[in-house]
Amino acid sequence: MDLALASSKFAGRVHIDRNALRRVAMDLISGQTEAPQCNGRVIVAEKSEGGLSALFVGFVQPLYACLDVSVASDLIWFAEPGSGARASLGVLDAFIEWADSADHPVLHRYAITDAITNPDAIGALLTRRHGFRLVGGLYEKGL
């Protein structure tokens, strides 16, 4: 069994095709924007025994056509329950490092469901420790 479902209650009934997952991730990125300057990235953290520990699918695109500033955001940010902060924040850190390699400022905006609905959730605490602030329904950092 591939990826995260290997240890879930659905393991016997569901199979994830890695190539199909890549296609879905790329479709998500390409469907997000028509801007030719949009770039996407898929980052995966795998368990030492195999399988998915965390997944991040995100994109960077111009914030506004009149500014030399980009916005980075997530389309999918998943961590297998019990995978720990290292895996879940590791994929975020890898994406931020890649996005920040641009030669202009990047505003990071990420949706973290439990962190938005519960400011005391572990996702909220870890995100704030990473320098993010809650702005409306998104966590932001940069600029």
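Start by selecting the buried residues of helix α2: Ala-87, Ser-88, Leu-89, Val-91, Leu-92, Phe-95, Ile-96, Trp-98 and Ala-99. Here buried means under 20% relative accessible area, exposed means over 50%, and partly exposed lies in between (1.4 Å probe, protein chains only). Helices (H or I, at least four residues) and strands (E, at least two) are DSSP runs, numbered from the N terminus.

A word on the ground rules: this is a predicted model, where local features need pLDDT of at least 70 and side-chain atom pairs count only at pLDDT 80 or more, while totals for chains, interfaces and linings use all residues. Residues are numbered from 1 along each chain as its sequence is written, and side-chain values use heavy atoms, with hydrogens and water left out.

Now show the whole of α2, residues 85-99. Its 15 residues reach 21 Å from first C-alpha to last, close to the 21 Å expected at 1.5 Å a residue; the expected span is 1.5 Å times one less than the number of residues. An α-helix has 3.6 residues a turn, so residues three or four places apart point the same way.

What do the buried residues of α2 pack against? Color β1 (39-46), β2 (52-62), β3 (70-79), β4 and α4, and you have the partners. Contact here means heavy atoms within 4.5 Å.

Next, move to α4, residues 122-129. Gly-123, Ala-124, Leu-126 and Thr-127 are buried in this helix, whereas Ile-122 is exposed, with a relative accessible area of 56%. Draw a C-alpha to C-alpha distance from Ile-122 to Ala-85: the two are 8.9 Å apart in space and 37 residues apart in sequence. Just after α4, stop at Gly-131, which takes a positive phi of about 90 degrees.

One joins Glu-140 to Arg-109 at 2.7 Å, N to O. That pair links distant parts of the chain, with Glu-140 in strand β6 (residues 138-141) and Arg-109 in strand β4 (residues 106-110), 31 residues apart. Another joins Glu-140 to Arg-133 at 3.8 Å, N to O. Through shared partners, salt bridges join Arg-109, Arg-133 and Glu-140 into one network.

Buried or exposed: how does Glu-140 count? Glu-140 is buried at 10% relative accessibility, while Arg-109 is partly exposed at 27% and Arg-133 is partly exposed at 40%.

Conventions: A salt bridge is a side-chain nitrogen of Lys or Arg within 4 Å of a carboxyl oxygen of Asp or Glu.
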